[in-house]
Amino acid sequence: METKLNLAEELLLLAMHEEKGTVLLRAQTALPYGLAGALVIELVEAGLLRLDGKNLVAAPGGHARDELLEDVLVKVRSSKRAHALKHWVFQMGRSGERSKRSS
């Protein structure tokens, strides 16, 4: 059975050193933000998020196909007000940076 990688997984593979299995130094700073953007794109393509002007808006109902995407969807849905796409990518990327430093 062939498993299709999502965009975030493909991006992560591109950022990894082939032999060492570690993230390339030159990719470390931008990678969390790229991964956040890739997750948003996956949700937009699935019809669970959409852009309304500059704001990222969740579609009513529906669930993401995996836990990580669902976490992003829940964050957007639970926000008290709409935020720009830039806000979400920054927030999710920044939280990825913090978890990377604490590990």
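Tutor: The side chain of histidine 83 makes a polar contact with the side chain of serine 79 at 3.4 Å; a polar contact is a pair of N or O atoms within 3.5 Å, where, within protein, one atom must be able to donate a hydrogen and the other to accept it, and residues adjacent in sequence count only if both atoms are side-chain atoms. This is a predicted model, in which local features need pLDDT of at least 70 and side-chain atom pairs count only at pLDDT 80 or more, while totals for chains, interfaces and linings use all residues. Residues are numbered from 1 along each chain as its sequence is written, and side-chain values use heavy atoms, with hydrogens and water left out.

Histidine 83 lies in strand S3, residues 83–84; helices (H or I, at least four residues) and strands (E, at least two) are DSSP runs, numbered from the N terminus. Histidine 83 counts as buried because its relative accessible area is 14%, where buried means under 20%, exposed over 50% and partly exposed in between, using a 1.4 Å probe and protein chains only. Apart from residues up to four places away in sequence, histidine 83 touches Lys54, Asn55, Leu56 and Trp88, and contact here means heavy atoms within 4.5 Å.

Two of these partners deserve a look of their own. Asparagine 55 belongs to strand S2 and is partly exposed, since its relative accessible area is 28%. When neighbours within four places in sequence are left aside, asparagine 55 is in contact with Arg50, Ala82, His83 and Ala84. Asparagine 55 and leucine 85 are 30 residues apart along the chain, yet their C-alpha atoms are separated by 5.7 Å.

Leucine 56 is the other partner, and with its neighbours within four places in sequence set aside, its contacts include Val40, Val44, Leu49, Val76, His83 and Trp88. Leucine 56 also has a place in the largest nonpolar core, which has 17 residues, and Leu43, Leu49, Leu56 and Met92 touch the most other members. Such a core is a set of buried Ala, Val, Leu, Ile, Met, Phe, Trp, Tyr and Cys residues joined through side-chain atoms within 4.5 Å. Helix H2 (31–45), H3 and helix H4 (85–102) each supply at least two residues of this core, and the largest share, 5 residues, comes from H2.

Between S2 (55–58) and helix H3 (67–78) there is a loop that holds aspartate 66. Aspartate 66 counts as partly exposed because its relative accessibility is 26%, and a polar atom of its side chain lies 3.1 Å from the backbone nitrogen of leucine 68.

To place this part in the whole, the protein has 4 helices and 3 strands, and along the sequence they follow the pattern α-α-β-β-α-β-α. Buried residues make up 30% of the 103 residues, and the C-alpha trace spans about 45 × 35 × 25 Å along its principal axes. Among contacts between residues at least 6 apart in sequence, 48% join residues at least 24 apart.
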